[in-house]
Amino acid sequence: QVQLVESGGGLVQAGGSLRLSCAASGRFFSIDVMGWYRQAPGKQRELVATQPTSGSADYADAVKGRFTISRDNAKNTVYLQMNSLKPEDTAVYYCKAVVTTYRYVHNNYWGQGTQVTVSS
C-alpha cells in the first residue's frame, strides 16, 4: 500500500503564490510518475502537471508559464510551485502517483486533496 500526504494549500490573493508538497510512503518498487490534478466545484477533475521519473514535465495549457512541477526522488516527494495565481485556479488539488509494486504491477494512488482558494 502507498500513502500520499499533501500539504501547502490555503487562501491567497490573486497574483500571489503557493507551493504544494506531496510525499509518498509505503512499499513499492518504484514511482514512475507523480503529478497534480485539480477539481473545482461542479467540474470534473483535470490534469494540472505531471512529472515522470525520467522525461519532461507535462502541463495543462491553463497553467503553463505560471506553475512549475518538480520532484525530489530521494524523498519520494513532488512539489507544485504556483505563481501568478488566478481566481479560476481555485480548486481542490490532488496528488497522484503511478507506482510499480514489487510484483511489477502498475497502480495509481491519490492523495486526500488540499484546498487552494484564490480571492480576487
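Cys 95 is buried, with a relative accessible area of 0%, where buried means under 20% relative accessible area, exposed over 50%, and partly exposed in between (1.4 Å probe, protein chains only). Cys 22 is likewise buried, at a relative accessible area of 0%. The model is a predicted one, in which local features need pLDDT of at least 70, side-chain atom pairs count only at pLDDT 80 or more, and totals for chains, interfaces and linings use all residues. Residues are numbered from 1 along each chain as its sequence is written, and side-chain values use heavy atoms, with hydrogens and water left out.

A search of the whole structure turns up one disulfide, a term used for a pair of cysteine sulfur atoms within 2.5 Å. Such a link is a covalent bond between the sulfur atoms of two cysteines. Here the partners are Cys 22 and Cys 95, with their sulfur atoms 2.1 Å apart. Cys 22 belongs to strand E3 (residues 18–26) and Cys 95 to strand E9 (residues 91–100), so the pair ties together parts that are 73 residues apart in sequence. Strands (E, at least two residues) and helices (H or I, at least four) are DSSP runs, numbered from the N terminus. Because the torsion about the S-S bond of Cys 22 and Cys 95 is about -80°, the disulfide is left-handed.

Attention now turns to a loop residue. Gln 44 is found between strand E4 (30–39) and strand E5 (46–52), and Gln 44 is exposed, with a relative accessible area of 71%. From Gln 44 to Lys 75 the separation is 31 residues in sequence and 30 Å in space, C-alpha to C-alpha.
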